[in-house]
Amino acid sequence: MRVFLTGVCLLALATIAAAAPTYTKDSADYGGSLIKSVVAGDLLEQAFTTATQEQGGFIGGLGTPADLTDGTWGTGWGAGAAVLKDYASAPPNVSGTPALTMRYDFAVPQNVGEIRVYASNPDGYNSRSYHNYDIEYMVDGDATVYTLLDQVHSTNFGVWNGSTEFVERTGTYVYDGAKGLLIEDCVMLRFKLYDVGQTTGGLWDPFDPSDPRDTDGNNAAFEGPGIREIDVIPEPATLALLVLGGLAVLRRR
Ligand SMILES: [Ca+2]
Ligand SMILES: [Ca+2]
Ligand SMILES: [Ca+2]
């Protein structure tokens, strides 16, 4: 019996050890809905978070850093939405240059449960509906910058919007299913968001064919995504404590 239980424990440990960040791809056509909706009041909207635009930017008049974390999807290309700059990886820049790099610092370490990014193009089928990004992070008491995931992309590279699929909006949901906890004691998150396509409708990676990171044989994507929001959701246990804390406050009144 002891051998059996030890085996079960080892299996459980192996399962835990095998846990790793992964993500779900989501998309919907005009009139449709994504599985998840933009969240207001998540960790990127707390007062103690500092947002820094480290590199890149937006198409003039079509976005600011605030639009990425304002808790709204936005209407058309108005407030709440942000179109990232085109031609980020084109000469004189190098292959793989992000269209925008945003860094968020937490004054108080946070337990992150899930990260979500959403994009859409309200004007018709093309690559601005897609998105592609890297996530880096730091934890409390450690100066190392870790990579959580690279090239989180909303559909497969090479898919063509308006022919192989018809998509107005996309979402990616990053999580660690085995633990329910994605990053413990997180003090910094960095998002490197890339251009996603060309003037028609494909999703391309941001690397030239000469770049060893190239996956699709196409030149670097040069059309920016229409980002709607970046949500960072607390892990469920933290969320439960927040709810319990809120209930305790209510009871005291
Ligand atoms: Ca939000
Ligand atoms: Ca928004
Ligand atoms: Ca490529």
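Okay, let's start in the middle: the largest nonpolar core has 48 residues, and L84, I135 and L193 touch the most other members. By nonpolar core I mean a set of buried Ala, Val, Leu, Ile, Met, Phe, Trp, Tyr and Cys residues joined through C-beta atoms within 7 Å. Buried means 20 or more other C-beta atoms within 10 Å of a residue's own, exposed means 12 or fewer, and partly exposed is in between, with C-beta atoms placed from the backbone. Two or more residues each come from β3 (82-83), β4 (100-120), β5 (132-139), β6 (146-153), β7, β8 and β9 (226-234). β4 gives the most, with nine residues. In soluble globular proteins, nonpolar side chains tend to be buried together.

Quick housekeeping. This is a predicted model, where local features need pLDDT of at least 70, side-chain atom pairs count only at pLDDT 80 or more, and totals for chains, interfaces and linings use all residues. Residues are numbered from 1 along each chain as its sequence is written, while chains are lettered from A and ligands numbered from 1 in the order in which they are written.

pLDDT is the predictor's confidence in each residue, from 0 to 100. The protein chain averages 89, and 86% of the residues score at least 70.

Now the overall layout. We have two helices and nine strands, running α-β-β-β-β-β-β-β-β-β-α from the N terminus. These are DSSP runs numbered from the N terminus: helices are H or I, at least four residues, and strands are E, at least two. Buried residues make up 38% of the 253 in the chain.

Let's look at β7. Seven of its seven residues are buried. R169, G171, Y173 and Y175 sit on one side, with T170, T172 and V174 on the other. And who are its neighbours? β1 (residues 22-28) pairs with β7 in the antiparallel sense over seven bridges, and Y23 has V174 as its bridge partner. β4 also pairs with β7 in the antiparallel sense, over six bridges, and there S120 is partnered with R169. Pairing here takes at least two bridges found by DSSP.

G180 belongs to the loop between β7 (169-175) and β8 (183-193). Leaving aside neighbours within four places in sequence, G180 is in contact with G113, E235 and P236; contact means C-beta atoms, placed from the backbone, within 7 Å.

Methods. Two residues are in contact if their C-beta atoms, placed from the backbone, lie within 7 Å.
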